[in-house]
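Please open the structure in your viewer and keep the selection tool at hand. This tour goes from one selection to the next and says what is there.

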Amino acid sequence: MMCRCPLEPAEPVATVSTPPRALVVFHSRSGRTRRIGRMLAARLQADVEEIQFAGSIDRTPGYARCALQAAGGHAARVQAARHDPALYDLVLVGSPVWCWSLPAPVRGWLKMHPLGAAQVAFFCTLGGSGAERVFAQMQQACGKRARATLALTEAQVEAGPRAAVDTFVARLVGPHAHERARAGAAAAVPLPHAQGPAHSRDAHSTG
Ligand SMILES: Cc1cc2nc3c(=O)[nH]c(=O)nc-3n(C[C@H](O)[C@H](O)[C@H](O)COP(=O)(O)O)c2cc1C
């Protein structure tokens, strides 16, 4: 899927004396994307924003409506964000794949929240196919190329996603960056320059 809007080149983030500030944003209906989002947040010492449909929980659409809205490119109304993504160096956006498409709440969130100068990375969980299309739709919705992408199937999430998550994190901030952050080291952890367009293959991590 081609991007209709001009892509902003991802700005390299200047070297800083603390690790990059990261925000992990995701929607999850049955918990898999949430699980990956929380693992990523723990490794990156990131803030977490879960995207929820606006309104009460009983207004959450059923399976068929979710599929139809995603396939139709609908942007759902979502609850107000607690974090402003434009204030972060890196924003990781996570989503399930619905009907080979970007779910309406994720589309709605991306539409409502300009990302400013933040770099982006995308992750998704899925049954088996549609990750590439979803990443392309995320790119189109936010107008930014992803520094890296991670797609995990349901089976991979159940089997243990730790190695894939660690590889993805290392691509974003370098190996062992999360250990340095946890240890409170003042070592500089600049985000490397973004490279080229977002490439992805289903159930793979790229960067
Ligand atoms: C409405 C709906 C449509 C789905 N369509 C697809 C699809 O097109 N391709 C796919 O691989 N998985 C599809 N799935 C499976 C989900 O992507 C997968 O179970 C994912 O891990 C769910 O993430 P979650 O647990 O965070 O909600 C669909 C699930 C739902 C609920």
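Begin with the shell around the ligand, whose residues divide into nine nonpolar, nine polar and four charged; here Ala, Val, Leu, Ile, Met, Phe, Trp, Tyr, Cys and Pro count as nonpolar, Asp, Glu, Lys and Arg as charged, and the others, Gly among them, as polar. Bear in mind that this is a predicted model, in which local features need pLDDT of at least 70 and side-chain atom pairs count only at pLDDT 80 or more, while totals for chains, interfaces and linings use all residues. Residues are numbered from 1 along each chain as its sequence is written.

Now select the 22 residues that surround the ligand, of which the closest are Ser28, Thr33, Pro96, Thr125 and Gly127; a residue is near a molecule if its C-beta atom, placed from the backbone, lies within 6 Å of it. At least two residues of this shell come from each of α1 (32–44), α2 (63–71) and β4 (119–126), where helices (H or I, at least four residues) and strands (E, at least two) are DSSP runs, numbered from the N terminus.

Next, select strand β3 (residues 90–96), where seven of seven residues are buried, meaning that 20 or more other C-beta atoms, placed from the backbone, lie within 10 Å of a residue's own. Leu90, Leu92, Gly94 and Pro96 point one way from β3, and Val91, Val93 and Ser95 the other way.

Key:
Buried ≥ 20, exposed ≤ 12 C-beta atoms within 10 Å, placed from the backbone.
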